[in-house]
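Please read them beside the sequence and the coordinates.

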Amino acid sequence: MKKLINDPKNVVNESLAGFAAAHGDLVRAEYDPNFVVRADAPTAGKVAIISGGGSGHEPLHAGFVGYGMLDGAVPGAVFTSPTPDPILAATKAVDGGAGVLHIVKNYTGDVLNFETAADLAAAEGIDVRAVVTNDDVAVKDSLYTAGRRGVAGTVLVEKIAGAAAQRGDDLDAVTAIAEKVNAQVRSMGVALSPCIVPHAGEPSFTLAEDEIEIGIGIHGEPGRERIKLEPADAIVERILGPIVEDIPFTSGDKVLLLVNGMGGTPLVELFIVYRHAAEVLAAQGIEVTRSLVGNYTTALEMQGFSLSVLKLDDELTELWDAPVQTAALRWGR
């Protein structure tokens, strides 16, 4: 195993310290317990939003802390949910008196630990709501979940809900916007190679040189099927089909298309994927009016990608376009 680490036990703390030092104008980090908040947190009278989960998916979630998006993020150990204590500490740190929204990916540990933290926060007088993201169409009831997994569509929920909070919406309205985005986004991924969790020191699963896994999860969970490697266009069609069929998306829809790298896929390949995905959608009368291409929800160094398609309307488009200033997303400010 070749990794740029010191001691596997210190990976998260050292990475968090480096992130905070690199982006001190945007965030501040706490280490006992670990969490990240906006440098100006809390903002009085503003609904606060936090998210979190296992590390190894960077820039999710800490990379999206900042103006117009998250107020805080809670990193657990690699591919492991944070415990309730840091979630509670982050909730208290960002609360500006207007309530706090937890955006939680649908993994059993994340859901249980965020629920516990919300109960503890409520006991201290903080109004907490939660939206559980479950955009992955690949499988239901996987190794880590009851129901569908929360994957890269979570980024879109965080951005759009963050914009609603930034413009001054109340907690009910921000929660409703987050639920709407989650209901209208669908995702699916593919792996060309496994990843290596630092404390494990070996690949999380095995693939032959000529094999790929269709419908992989962001922790290396199994997908729908394992097949022989195909050209990029054929792979795009395999995973875009189930996405479009699920809501379903129909002719006349305007959508945001996210091509998300899993950490080890170069941009030159991701743009090949985007090119054909946009062509396939256009052939079905589905208009891509907003797009995002890059590494936003990764699985360490896994080679592969996921596609997310979000059905847009005027309000969601306006909120997507609203100014944002985070380490990983920034425009308009």
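1. A pocket here is an open set of points, on a 1 Å grid over the protein atoms alone, with protein on both sides within 12 Å along at least five of seven lines, and its lining residues have an atom within 4 Å of a point. Grid points are joined across faces, edges and corners, and a volume is the space filled by probe spheres set on the points.

2. The model is predicted, so that local features need pLDDT of at least 70 and side-chain atom pairs count only at pLDDT 80 or more, while totals for chains, interfaces and linings use all residues. Residues are numbered from 1 along each chain as its sequence is written, and side-chain values use heavy atoms, with hydrogens and water left out.

3. The second largest pocket has a volume of about 210 Å³. Its lining comprises 16 residues, and those nearest its centre are Val 12, Pro 75, Gly 76, Ala 77 and Val 78. S4 gives the most to this lining, with four residues, and H1 and S4 each supply at least two; helices (H or I, at least four residues) and strands (E, at least two) are DSSP runs, numbered from the N terminus.

4. The largest pocket holds about 630 Å³ of space. Of the 30 residues that line the largest pocket, Val 11, Ser 15, Ser 55, Gly 56 and Glu 58 are the closest to its centre. Helix H1 (11-22), S3 and strand S4 (72-78) each supply at least two residues of the lining, and H1 gives the most, with six residues.

5. By residue class, the lining of the largest pocket divides into 15 nonpolar, ten polar and five charged residues, and that of the second largest pocket into ten nonpolar, five polar and one charged. Ala, Val, Leu, Ile, Met, Phe, Trp, Tyr, Cys and Pro count as nonpolar, Asp, Glu, Lys and Arg as charged, and the others, Gly among them, as polar.

6. Gly 52 is found in strand S3 (residues 48-55) and is buried, with a relative accessible area of 0% (buried means under 20%, with a 1.4 Å probe and protein chains only). Not counting residues up to four places away in sequence, Gly 52 touches His 61, Val 74, Ile 103, Lys 105, Asp 110 and Phe 114, where contact means heavy atoms within 4.5 Å. Gly 52 and Ser 15 are 37 residues apart in sequence and 15 Å apart in space, C-alpha to C-alpha.

Methods. Buried means under 20% relative accessible area, exposed over 50%, partly exposed in between (1.4 Å probe, protein chains only). On a 1 Å grid over the protein atoms alone, a cavity is a set of points where a 1.4 Å probe fits but cannot get out, and a pocket is an open set with protein on both sides within 12 Å along at least five of seven lines; lining residues have an atom within 4 Å of a point.
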